[in-house]
Amino acid sequence: MGQKNSKGLTKKELDRLKKETNFNQNELLKIYKKFIEENPNGMIKKQDFGKLTKQLGLRDEFFSELLFNNFDDDNNGYIDFSELCTVMNIIMKGSTDDKLEFIFKVYDLDGNGFLEKEELYQIVESIYKIASNSQFFDTKEEMLTYVDQCFEEADQDNDGKLSFDEFKTRAKNDPKFLTSLSPFFEN
């Protein structure tokens with residue numbers, strides 16, 4: 001084991017996280033302190049993550065599970081500090097492309113590298129439950145119709161699915177599309 005600093009992180013782990021994220025040492029130490037206060041065993045279980053997302057206003061279990069699965073990079077059923085920092089870095093300090101890549105990965109439910117309409121419908125329904133996106137849509141059906149239209153326009157090769165490049169192009173050219181699909185972007 002590496003030498004631990006006064007906050008409980010090894011110097012090696014702290015140095016790695018400084019290199020791999022856009023957080024500085026002080027930010028990492030603050031995040032770690034809060035993480036350990038909330039999770040003394042150093043890991044967040046799926047059920048605890050669900051409680052946390054509910055406290056943050058993400059009340060949809062389906063969406064919460066999608067997020068958990070994408071935070072839990074090593075698929076061990078827990079989110080450790082490093083995994084948390086990696087995703088927090090994307091959400092808080094990542095570029096638009098970083099965020100789009102994360103969103104695409106979350107929404108690619110079957111992990112095949114493409115977004116199918118059915119996947120987007122599931123996501124849109126979940127997002128609608130979370131945020132109601134009332135700033136753009138009066139009803140869920142209106143939102144689904146809009147996403148359907150966007151899908152058709154974004155699917156440039158007409159193969160019935162969106163590649164990451166097609167998704168990214170549409171998202172960058174249509175802020176309404178991006179906002180309707182993600183709680184990570186605000187207009």
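Analyst: Two rings of Phe, Tyr or Trp (its six-membered ring) count as a pair if their centres lie within 6.5 Å; planes under 30 degrees apart are stacked, over 60 edge-to-face, and the rest tilted. Tyr32, Phe35 and Phe81 form one aromatic cluster. This is a predicted model, where local features need pLDDT of at least 70 and side-chain atom pairs need 80 or more, while totals for chains, interfaces and linings use all residues. Residues are numbered from 1 along each chain as its sequence is written, and side-chain values use heavy atoms, without hydrogens or water.

User: How many aromatic pairs does a search of the whole structure find?

Analyst: The search turns up 7.

User: Why is the pair of phenylalanine 104 and phenylalanine 167 called tilted?

Analyst: The ring centres are 5.6 Å apart, so these two residues qualify as a pair.

User: How do you know whether phenylalanine 104 and phenylalanine 167 are buried or exposed?

Analyst: Buried means under 20% relative accessible area, exposed over 50%, and partly exposed in between (1.4 Å probe, protein chains only). Phenylalanine 104 has 7%, so it is buried. Phenylalanine 167 has 0%, so it is buried as well.

User: What makes you say that lysine 161 sits over the ring of phenylalanine 114?

Analyst: A charge sits over a ring if NZ of Lys or CZ of Arg is within 6 Å of the ring centre and within 35 degrees of the ring normal. The charged end of lysine 161 is 4.3 Å from the centre of the phenylalanine 114 ring, and it is classed as sitting over that ring.

User: What makes the phi of asparagine 75 and of asparagine 158 worth a look?

Analyst: Most residues other than glycine have a negative phi. Asparagine 75 has a positive phi of about 55 degrees, and asparagine 158 has a positive one near 50 degrees.

User: Where do asparagine 75 and asparagine 158 lie, and why are they called exposed?

Analyst: Asparagine 75 is in the loop between helix 4 and strand 2 (78–80). Its relative accessible area is 65%, so it passes the cut-off for exposed. Asparagine 158 is in the loop between helix 8 (140–154) and strand 4 (161–162). With 64% relative accessibility, asparagine 158 is therefore exposed too.

Note on methods
Helix = DSSP H or I, 4+ residues; strand = E, 2+ residues; numbered from the N terminus.
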